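Hello,

Here is the structure I promised to pass on to you. Have a look at it first, and then read on for my notes.

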Amino acid sequence: MAAHTAAEFVPDSLKLDELAHAAHDCKGCDLYLDATQTVFGAGSVEADLMLVGEQPGDQEDKSGAPFVGPAGRLLDKALAAAGVDRDRLYVTNAVKHFKFTFGERGKRRIHKTPSRTEVVSCRPWLLAELDAVRPGVLMLLGATAAQSLMGSTFRLTAHRGEVLRLPDAEEFKFDPAVVVTAHPSSVLRGRPADRDKAFDALVSDLRFADGLLAGGR
């Protein structure tokens with residue numbers, strides 16, 4: 001039976017390798033029961049730009065690494081177009097286990113959006129990653145990621161293109177600039193006629209986020 005919060009599984013550590021190791025034993029919500037494994041964040045502990053998505057997908061669940069499936073490949077393409085080196089980023093998800101349902105034939109695993117309870121349960125891991133990395137800019141990809149840190153009533157489309165701040169500043173020892181954009185998977189799911197425009201918008205948002213750091217590099 002899950003503990004309904006990951007807090008008791010999160011070690012008092014600022015070392016990403018220790019956090020990642022501990023996360024593999026997390027039972028903070030019931031998603032661990034069906035997922036293959038925990039998919040923790042990856043990247044540089046010195047990253048000045050941190051990207052947060054929703055949850056791992058089917059390929060991430062199998063490999064144990066974030067953003068390696070179709071959405072990850074599209075993100076890589078968008079990063080390249082924006083002139084942003086993924087090797088200097090830290091990428092993670094608001095939820096660390098793959099939530100899915102089965103397709104009609106019972107074989108293909110289909111993404112299912114995490115519930116608010118599951119997002120809140122997993123939030124201590126995301127807070128620990130933020131505290132360990134302390135990026136200058138935090139980019140939230142999609143509504144689930146945005147609402148995990150900005151609150152359940154936050155509307156991504158109303159704030160895209162803005163520079164925001166985390167609402168619960170007292171929880172953090174740093175104050176990153178926050179920007180929001182669509183999740184790469186939404187580009188893939190969009191109508192074919194709209195995909196080029198959606199992709200260009202994602203590239204523009206990545207350039208915008210990276211540009212906020214330009215004065216500090």
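Let me begin with a pair of helices. Leu74, Leu75, Lys77, Ala78, Leu79, Ala81 and Ala82 of helix 3 are in contact with Phe199, Leu202, Val203, Leu206 and Arg207 of helix 8, where contact means heavy atoms within 4.5 Å. By class, these contact residues are 10 nonpolar, no polar and 2 charged (Ala, Val, Leu, Ile, Met, Phe, Trp, Tyr, Cys and Pro count as nonpolar, Asp, Glu, Lys and Arg as charged, and the others, Gly among them, as polar).

Before going further, please note that this is a predicted model, in which local features need pLDDT of at least 70 and side-chain atom pairs count only at pLDDT 80 or more, while totals for chains, interfaces and linings use all residues. Residues are numbered from 1 along each chain as its sequence is written, and side-chain values use heavy atoms, with hydrogens and water left out.

Helices here are DSSP runs (H or I, at least four residues), as are strands (E, at least two), numbered from the N terminus.

Now to the open spaces. The largest pocket holds about 750 Å³ of space, and among its 30 lining residues, Ala71, His111, His183, Ser185 and Arg189 lie nearest the centre. (On a 1 Å grid over the protein atoms alone, a pocket is an open set of points with protein on both sides within 12 Å along at least five of seven lines, a cavity is a set where a 1.4 Å probe fits but cannot get out, and lining residues have an atom within 4 Å of a point. Grid points are joined across faces, edges and corners, and a volume is the space filled by probe spheres set on the points.) Helix 7 gives the largest share of this pocket's lining, 4 residues. In all, the lining of the largest pocket has 12 nonpolar, 12 polar and 6 charged residues.

The second largest pocket has a volume of about 200 Å³. Its lining includes Val10, Pro11, Phe172 and Lys173.

Finally, the whole structure has 1 cavity of 30 Å³ or more. The largest cavity has a volume of about 60 Å³, and Cys26, Cys29, His97 and Trp125 are among the residues that line it.

Best wishes
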